[in-house]
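This briefing goes through one protein chain, from the overall fold down to single residues. Please keep the structure open while reading.

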Amino acid sequence: MPRLPMVLAFPRVLRHLRSVGASLPPVTQLGVDRPDPVLRPVLSAAWDGDHGPARELLADTRRRGAWERRDTCVRHLANVALTRPRWLEDWLQKDADDPDAALVAAESEVCRAWEARTGAWAKHVSAERFDEFFRILARAAPLIDKATELSPGDPVPWRVALQHATGSRAPRPVFDRLLLNVMDRDPDHYGCHSSALQYLCAKWYGSHEEMFDFAEAAAARAQPGRLLAALPIVAATEYLTEHPTRGPVPRRRIHAAVDHTLAACAAYAPDDPAVTGIRNHLALALTRCGRWEEALRQFELIGTDVREFPWCYLDGENELRAFVDERENTRVQVAKAIPLFSRYHPAA
């Protein structure tokens, strides 16, 4: 008898599933962390050994103070350097004091450390991996120092330093000093605050309460149009992957983070790639809150642009699989809620 409601729901699901999410792209078109069209040829040139386009692009972001854009470019270039380092080595050999080359080198080394550790919980990481992790982080420290010295007004090296602090078990006074350096350069920098939030979360050195307090305070003072206003949703997905249904944080606080982020995203065009990463967080949080229609809308806005975070929290080996599973479950839940002989009308 307890299975009866599900049995009765099957005809509704079968009837409406085709129309629910009909505009969603097929799985074959999805990709994780794809670079945008402007960045793509720069990465291709680096892959082929030419650092020239990367040098020009990063110098332009530094001159314009386009720090969020610079952060995105540095992350992608560092990932290329992990497997094809020759272009970066040539760049550093020709100009060892280029602030942009120094920044990519620092980011790449920190990424290499985390790759050695893996994203698993500490209890699942072997002693050998931890040894390699700390060895690479020690090697990265002087690279980060050099990047901060060569570009004094740039907040992005301090974002790398915050990630390094989390991995290297830096004490709280060190973390606080790093965050003060960020505030001196760009107090609304989303990437820096997102890295700081990791340090403050319960699985590292803080607590759920401290993480939410930090995210909410940062969002409250963010200037209009800055991504920092959406930081509470990162706290929400961090928390919800550990406590998907109930836990120590009141549920109303989770819903408040979702509502605040939805309002922040309304300032952007629906297809603006700058906010796509936030929409990935929103989609997961909305499913965990049972807000299926709103989650479906976010999946539609995400389109083919899947991001590693937060889906790696659900499946560290295959983020795309986690995304697809969550998207399909959302379609099913929306279809189940439609009366059998009604037609599906997407929510506004």
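**Overall fold**

In the protein chain, 70% of the contacts with a separation of 6 or more are between residues 24 or more positions apart. The model is predicted.

*The chain as a whole*

- The protein chain contains 17 helices and two strands.
- Its radius of gyration is 21 Å, close to the 20 Å from the globule rule for 348 residues, so the chain is as compact as a globular protein of that length.
- The C-alpha trace spans about 70 × 45 × 40 Å along its principal axes.
- Of the 348 residues in the protein chain, 49% are buried.

*Helices H2 and H3*

- Two packed helices are described by the angle between their axes and the distance between the axes.
- For helix H2 (residues 39–47) and helix H3 (residues 52–64), the axes come within 7 Å and cross at roughly 140°.
- H2 is therefore oblique to H3, as an angle has to be over 145 degrees to count as roughly antiparallel.
- H2 contributes Leu39, Val42 and Ala45 to the contact, and H3 contributes Pro53, Ala54 and Leu57.
- By type, the residues of this contact are six nonpolar, no polar and no charged.

*Helix H15*

- Helix H15 covers residues 292–302, and its buried residues are Ala295, Leu296, Gln298, Phe299, Leu301 and Ile302.

*Residue Glu238*

- Glu238 is part of helix H12, which runs over residues 231–240.
- Is Glu238 buried or exposed? Its relative accessibility is 7%, and buried means under 20%, so Glu238 counts as buried.
- Leaving out residues up to four places away in sequence, Glu238 touches Gln198, Cys201, Lys203, Met211 and Tyr313.
- With one of these, Lys203, Glu238 makes a polar contact from side chain to side chain, at 3.1 Å.
- His208 is 30 residues from Glu238 in sequence, and the two are 9.1 Å apart in space, C-alpha to C-alpha.

Conventions. Residues numbered from 1 in each chain as written. Predicted model: local features only at pLDDT ≥ 70, side-chain atom pairs only at ≥ 80, totals over all residues. Heavy atoms only, no water. Axes fitted to C-alpha atoms, helices over the stretch in contact; angles between N-to-C directions. Helix = DSSP H or I, 4+ residues; strand = E, 2+ residues; numbered from the N terminus. Parallel < 35°, antiparallel > 145°, perpendicular 65-115°, else oblique. Contact = heavy atoms within 4.5 Å. Nonpolar A, V, L, I, M, F, W, Y, C, P; charged D, E, K, R; others polar. Buried < 20%, exposed > 50% of the residue type's maximum accessible area, 1.4 Å probe, protein only. Polar contact = N/O pair within 3.5 Å; in protein donor to acceptor, adjacent residues only side chain to side chain. Rg over C-alpha atoms; globule rule 2.2 N^0.38 Å.
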